[in-house]
Amino acid sequence: MDKIIMKNLAFFGYHGVLKEENVLGQKFFVDIDLYTDLQKAGKSDEVTDTVHYGEVYNMVKDIVENKRFKLLEALAENIAATVLNSFSLVNEISVVIRKPEAPVNGIYDYFGVEIRRKRDV
């Protein structure tokens, strides 16, 4: 299966269990892999034969920046479900969310989640 790769999308959102996270907000980084057949688009050179990653980006941006979730798991599920419901050419999606400023007392790069969901047949 072919894929469209969207890496290190950066957004500012208000997701977290703690009240401060919902008030102050923080940075989130998102990676998206869209699994689809790209052969038709490769032959036609027409954007209508593929998944327009600019539209997917705008959708993910809206979810991360305008919705609020306590858990990264819920944020990832919402992104995956919305993309699968909106783009019929996407057969499967992988969503990785990284939270580099999580309120954990320690030294780390980030905490995050990764999910992979398939279209119901």
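Helices (H or I, at least four residues) and strands (E, at least two) are DSSP runs here, numbered from the N terminus. The model is a predicted one, so local features need pLDDT of at least 70 and side-chain atom pairs count only at pLDDT 80 or more, while totals for chains, interfaces and linings use all residues. Residues are numbered from 1 along each chain as its sequence is written, and side-chain values use heavy atoms, with hydrogens and water left out.

Staying with α3, its buried residues are Val56, Met59, Val60, Ile63 and Val64. Buried means under 20% relative accessible area, exposed means over 50%, and partly exposed is in between (1.4 Å probe, protein chains only). These residues sit on the same side of α3, because they cover an arc of only 125 degrees around the axis, the arc being that of the directions from the helix axis to the C-beta atoms. Among the elements covering them are β1, β2 and α4, where contact means heavy atoms within 4.5 Å.

Next comes the core. A nonpolar core is a set of buried Ala, Val, Leu, Ile, Met, Phe, Trp, Tyr and Cys residues joined through side-chain atoms within 4.5 Å. The largest one has 29 residues, and Ile32, Leu34, Ile79, Val95 and Ile97 touch the most other members. Two or more residues come from each of β1 (2-13), β2 (26-36), α3 (53-66), α4 (72-86), β3 (92-99) and β4 (111-118). Helix α4 gives the most, with 7 residues. In soluble globular proteins, nonpolar side chains tend to be buried together.

What does valine 95 touch, not counting residues up to four places away in sequence? Its list reads Val30, Asp31, Ile32, Ala76, Ile79, Ala80, Val113, Glu114 and Ile115. Serine 94 belongs to strand β3 and is buried, at 5% relative accessibility. Leaving aside neighbours within four places in sequence, serine 94 meets Asp31, Ile32, Asp33, Tyr35, Glu114, Ile115 and Arg116.

As for the rings, there are 3 aromatic pairs. Rings of Phe, Tyr and Trp (its six-membered ring) pair if their centres lie within 6.5 Å, with planes under 30 degrees apart counted as stacked, over 60 as edge-to-face and the rest as tilted. One of the pairs, phenylalanine 11 with tyrosine 57, is tilted, at 5.5 Å centre to centre and 40 degrees between the planes. This pair links distant parts of the chain, as phenylalanine 11 is in strand β1 and tyrosine 57 in helix α3, 46 residues apart. Phenylalanine 11 is buried at 3%, whereas tyrosine 57 is partly exposed at 29%. Phenylalanine 12 and tyrosine 14 make an edge-to-face pair, with 5.7 Å between centres and 80 degrees between planes.

Charges also turn up over rings, meaning that NZ of Lys or CZ of Arg is within 6 Å of the ring centre and within 35 degrees of the ring normal. Arginine 98 lies over the face of tyrosine 110, at 5.7 Å from the ring centre. Arginine 116 does likewise over tyrosine 35, at 4.3 Å.
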